[in-house]
Amino acid sequence: MPEVIFAGPAGRLEGRYQPSKEKSAPIAIVLHPHPQFGGTMNNKIVYDLFYMFQKRDFTTLRFNFRGIGRSQGEFDHGTGELSDAAAALDWVQSLHPDSKSCWVAGYSFGSWIGMQLLMRRPEIEGFISVAPQPNTYDFSFLAPCPSSGLIIHGDADKVAPPKDVQTLVDKLHTQKGITITQKTIPGANHFFANHAELLIDECADYLDRRLAGELADPRPKRLR
């Protein structure tokens, strides 16, 4: 997969990019865990999510947030990282102007950034949120959540306790016009040790069902 460098708000950003052969193929952006706790675009779960979308002929990008690897800048507690994600999506869209839809997937800190990006970009029609941390990060901006998606986590997660994730899911379930699918993996911790393969299988099954027209309320497209 091609290594790429593209312009971000705080300097260059380093990524891995795999274009689809289809001009109008959907775009997928995959966002990595917390930069200050070892999170990079080469995280195994991030890589596997990238490959999952790529196998389904999405134009796919994963990248390092500012200050990680060859990406310039410094950690910015989420504000700058959201700007990085928006710049990444802009960059891919500039290369694929015929692409009409987009998905965002994020793991841990990346899921918080991804959900914020979802609020700002009407072309994002689906999301996969792996081990979100509503006990640590404020998700109240999802008012309302504009797109259907998957929230998947482990029931042995001590970093993002299941009760906190459940509170977020229950809140989103009250919203009309979207379908939030929740999957809980028995015995899995925040890092999905010994459960990573099952995690990706569940995400892939969800994506395949969405691509087949399931698990989402029919709704008018939001205007850009």
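Residues are numbered from 1 along each chain as its sequence is written, and side-chain values use heavy atoms, with hydrogens and water left out. Because the model is predicted, local features need pLDDT of at least 70 and side-chain atom pairs count only at pLDDT 80 or more, while totals for chains, interfaces and linings use all residues.

The protein contains 5 helices and 8 strands; helices (H or I, at least four residues) and strands (E, at least two) are DSSP runs, numbered from the N terminus. Along the sequence, these elements follow the pattern β-β-β-α-β-α-β-α-β-β-α-β-α. The C-alpha atoms fill a box of roughly 40 × 40 × 30 Å, taken along the principal axes. For 224 residues, a compact globule would have a radius of gyration near 17 Å, and the protein's 16 Å agrees with this. That radius is taken over C-alpha atoms, and the globule rule is 2.2 Å times the number of residues to the power 0.38.

Two regions carry domain annotations from UniProt. In an unreviewed entry, UniProt places "domain: AB hydrolase-1" at residues 35-136; this span is 40% helix and 18% strand, and its end C-alpha atoms lie 15 Å apart. The feature "domain: Peptidase S9 prolyl oligopeptidase catalytic", also from an unreviewed UniProt entry, is placed at residues 149-207. Here the span is 41% helix and 20% strand, with end C-alpha atoms 9 Å apart. UniProt positions follow the numbering used here, feature names are shortened, and annotations may be inferred rather than shown by experiment.

Now to the helix pair. Helix α2 (residues 79-95) packs against helix α3 (residues 109-120) at an angle of about 60 degrees, with the axes 9 Å apart. This angle makes α2 oblique to α3 (under 35 degrees counts as roughly parallel, over 145 as roughly antiparallel, 65 to 115 as roughly perpendicular and the rest as oblique). On the α2 side, the contact (heavy atoms within 4.5 Å) is made by Glu 81, Leu 82, Ala 85, Ala 86 and Leu 89, and on the α3 side by Phe 109, Ile 113, Gln 116, Leu 117 and Arg 120.

The loop between β6 (124-130) and β7 (149-154) holds Pro 144, and Ala 131 is found in the loop between β6 and β7 too. Most residues other than glycine have a negative phi, and most peptide bonds are trans. Ala 131, although not a glycine, has a positive phi of about 50 degrees. The peptide bond from Ala 143 to Pro 144 is cis, with omega near -5 degrees.

Technical notes: Axes fitted to C-alpha atoms, helices over the stretch in contact; angles between N-to-C directions.
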